[in-house]
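Please open the model in your viewer and keep the sequence panel beside it. The stops below go from the whole chain to single residues.

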Amino acid sequence: EGWQMEDYAEMDLYKLKPFNHTGAPASFEEAFERGPYTLVNNFLVDAGSPLYGDVSAVFSQKAMQKIAIVSAIDTGFFENA
């Protein structure tokens, strides 16, 4: 249900194309339009996310400046407010 909420928010707020299956892109091509979700790791913690799993990817700041969508809040849950 959580991924469906995020998917609906991206389609409604950002007017992005829907996936074939709600909240579950079937390929990189299908997911390519969507921005990556990132956070600034101010605490420099080298651990995975308790919500998303044991592995965390590390992106360069230069790459994220070109492609990241920035929001001060979790836009997926903004739809429920």
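With the whole chain selected, consider its contacts (heavy atoms within 4.5 Å): of those with a separation of 6 or more, 46% are accounted for by residues 24 or more positions apart. This is a predicted model, in which local features need pLDDT of at least 70 and side-chain atom pairs count only at pLDDT 80 or more, while totals for chains, interfaces and linings use all residues. Residues are numbered from 1 along each chain as its sequence is written, and side-chain values use heavy atoms, with hydrogens and water left out.

Next, colour by secondary structure: the chain has four helices and zero strands, where helices are DSSP runs of H or I with at least four residues and strands are runs of E with at least two, numbered from the N terminus.

Now show the surface, whose accessible area is about 7,100 Å² for the chain, with 59% of it belonging to carbon and sulfur atoms; such areas come from the Shrake-Rupley method with a 1.4 Å probe.

Select K15 in the loop between α1 (2-13) and α2, where the residue has a positive phi of about 60° although it is not a glycine. K15 is exposed because its relative accessible area is 63%.

Finally, select R34, in the loop between α2 (28-31) and α3 (61-67). R34 counts as buried because its relative accessibility is 9%, and, leaving aside residues up to four places away in sequence, R34 touches D7, E10, M11, L16, K17, P18 and F19.

Definitions and conventions: Buried < 20%, exposed > 50% of the residue type's maximum accessible area, 1.4 Å probe, protein only.
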